[in-house]
Amino acid sequence: MKRAIPRVKAPLWSVPVLVLSGSTFLPLTAATAAPPESGLDAPVKLMTLDPGHFHAGLIQKEMYPGVSPLVHVYAPLGPDLIAHLNRIAQFNRREANPTRWQLEVHAGPDFMERMLRERPGNVVVLSGRNRGKIDRILAAVESGLNVLADKPWVISAADLPKLDAVLDTAEKKGLVAYDVMTERYEITTILQRELVGDGAITGSVLPGSATEPGVVMESVHNILKTVAGAPNIRPDWFFDTVEQGEGLADIGTHLVDLGSFILFPEQAIDERADVRLLSARRWPTVMTETDFQRVTGLPKFPPRLAGQVTDGKLQFQANTEVSYTLRGIHTRLKVIWDYEAPGGADTHFARVRGTRSRVEIRQGAEQSYRPELFVVPNAAADRAAVSAAVKKKLAALEARFPGLSAEDAGAEMRIVVPAKYRVGHEAHFGEVTTRFLEYLKNPKALPSWEKANMRAKYAITTKGVELSRQKTP
């Protein structure tokens with residue numbers, strides 16, 4: 001007969017409430033195992049499932065009205081779980097606006113089955129573990145649970161039918177399954193969309209060509225970085241592209257999403273009718289064993305990565321460039337993983353060319369690695385008219401974004417964005433979560449175009465990766 005081990009409710013890593021439970025611990029009480037409440041008036045109760053990426057922690061960087069402070073975490077006991085707990089503890093301990101999260105942790109090998117059986121919440125939060133993520137999302141919605149999950153949901157075109165099943169099931173059951181598209185909330189991206197959509201500023205977006213596209217975007221991410229004030233230690237599986245996905249399938253989801261977000265706001269994109277893939281290529285980021293040690297804390301390359309090691313160096317297939325047309329507009333996206341940024345931050349570049357001017361986001365050394373928005377008239381004769389149109393547009397945006405202005409630099413204008421709007425990437429997770437919570441209150445408010453664009457987005461990323469692997473000139 002097994003001796004019952006009492007449930008522990010004591011601080012660990014400064015998290016107010018922690019209950020470790022698993023196959024060797026006393027099962028949860030019947031009260032905890034009760035089915036979650038449903039309906040528009042039900043309180044939101046989060047369940048974090050196997051947090052393999054810091055994105056799950058950033059969702060809890062702040063508190064939300066109507067969301068229970070008690071969060072159930074289901075995960076295997078290991079470094080990913082411990083890193084997640086420490087991150088939440090940091091938020092609770094910070095001096096400025098500390099959070100008040102309480103965690104009840106269920107650490108056992110059957111974590112997924114236990115979550116679906118016990119169901120102490122009504123929202124599942126997922127991050128990382130990309131290869132099997134869509135299976136977990138599908139199991140959650142089939143069980144009647146809402147889902148908030150980071151990108152990417154699928155990294156293989158073979159899983160697109162599962163994505164369809166998730167979206168169809170959620171719609172049928174009145175659930176919300178939402179992916180965390182943080183870049184929609186970056187102020188320079190929001191303003192770029194506003195300026196591109198103003199014909200007096202941009203004119204018509206140029207279709208361009210394969211060699212000179214109408215839209216160009218480039219995202220540079222860094223393997224070695226700091227998150228929430230601490231070095232981000234990456235698990236070894238992060239470098240396994242079969243598990244994590246290649247650059248376009250992962251980071252590229254943001255760029256593809258922004259293409260339709262900027263060019264065709266709040267319009268459904270039909271992947272079969274509106275998108276045509278043209279070309280793609282891939283190349284590795286090469287890491288020494290010392291580089292790997294710094295970012296993982298591991299002494300050497302693990303056996304799971306042996307197939308990616310050549311001459312003692314890891315060939316991390318993280319970089320992709322893809323070209324396609326979106327409703328006839330040639331679009332070229334480039335996703336790059338550098339080891340370490342000279343400016344210490346990820347960077348984003350986005351250019352949309354119009355018949356009157358082009359609108360660009362730049363984030364290089366000249367901008368001190370901070371995203372800045374520029375309007376560049378195509379001809380000197382257009383400068384006065386374009387400048388007047390920009391000022392008129394900014395005046396129209398004054399109610400939403402007070403304090404915007406344009407700085408004339410001769411051949412171009414820089415949009416001056418007040419510091420209060422530059423909240424940073426980590427804060428965007430709270431903005432996405434707030435929007436998700438609004439949809440939870442009224443699932444019918446979730447725009448119908450989101451479903452179509454999810455399907456189109458992941459079709460482009462996964463099929464683009466497949467195209468990049470082909471040995472074409």
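Me: What share of the 473 residues of the protein counts as buried, and what makes a residue buried?
Reply: In this predicted model, 55% of the 473 residues count as buried. The cut-off is a relative accessible area under 20%.

Me: What does the secondary structure come to?
Reply: The protein has 15 helices and 18 strands. As for contacts with a separation of 6 or more, 75% are between residues 24 or more positions apart.

Me: Why is Arg 327 called partly exposed?
Reply: Its relative accessibility is 33%. Buried would need a value under 20% and exposed one over 50%, so Arg 327 counts as partly exposed. Arg 327 sits in the loop between strand S12 (313-326) and strand S13 (329-338). Its phi is positive, about 50°, although Arg 327 is not a glycine.

Me: Which peptide bond is cis, and where is its proline?
Reply: The bond joining Lys 151 and Pro 152 is cis, with omega about -10°. Pro 152 lies in the loop between strand S5 (146-149) and helix H5 (160-173).

Me: How do you know that S1 and S4 pair?
Reply: Count the bridges: four of them join strand S1 (residues 46-49) to strand S4 (residues 123-126). Pairing takes at least two, so S1 and S4 qualify. The two run parallel, and Thr 48 has Val 125 in S4 as its bridge partner.

Me: What is the order of the strands in the open sheet, and which are the edge strands?
Reply: Six strands line up as S3-S2-S1-S4-S5-S6, with parallel pairing. The edges are strand S3 (102-107) and strand S6 (177-179), each of which pairs on one side only. On average, neighbouring strands of this sheet are turned by 20° against each other, direction ignored. Helix H2 (residues 79-93) lies across S1, strand S2 (70-75) and S3, at about 175° to S3.

Me: What makes the charged end of Arg 193 count as sitting over a ring?
Reply: The charged end of Arg 193 is 3.9 Å from the centre of the Phe 261 ring. The distance cut-off is 6 Å, and the charge must also be within 35 degrees of the ring normal. Arg 193 is listed as sitting over that ring, so both conditions hold. Arg 362 sits over the ring of Phe 374 in this way, with its charged end 4.0 Å from the centre.

Me: How many aromatic pairs are there, and which residues do ring pairs link into a cluster?
Reply: There are nine aromatic pairs in the structure. Ring pairs link Phe 238, Phe 239, Phe 292, Phe 301, Phe 316 and Trp 337 into a cluster.

Me: What makes the span of H15 close to the expected one?
Reply: Helix H15 (residues 448-468) has 21 residues and reaches 31 Å from its first C-alpha to its last, against 30 Å expected. H15 is also mostly covered, with 15 of its 21 residues buried.

Notes
Residues numbered from 1 in each chain as written. Predicted model: local features only at pLDDT ≥ 70, side-chain atom pairs only at ≥ 80, totals over all residues. Heavy atoms only, no water. Helix = DSSP H or I, 4+ residues; strand = E, 2+ residues; numbered from the N terminus. Axes fitted to C-alpha atoms, helices over the stretch in contact; angles between N-to-C directions. Contact = heavy atoms within 4.5 Å. Phe/Tyr/Trp six-rings, centres within 6.5 Å; stacked < 30°, edge-to-face > 60°. Expected span 1.5 Å × (residues − 1). Buried < 20%, exposed > 50% of the residue type's maximum accessible area, 1.4 Å probe, protein only.
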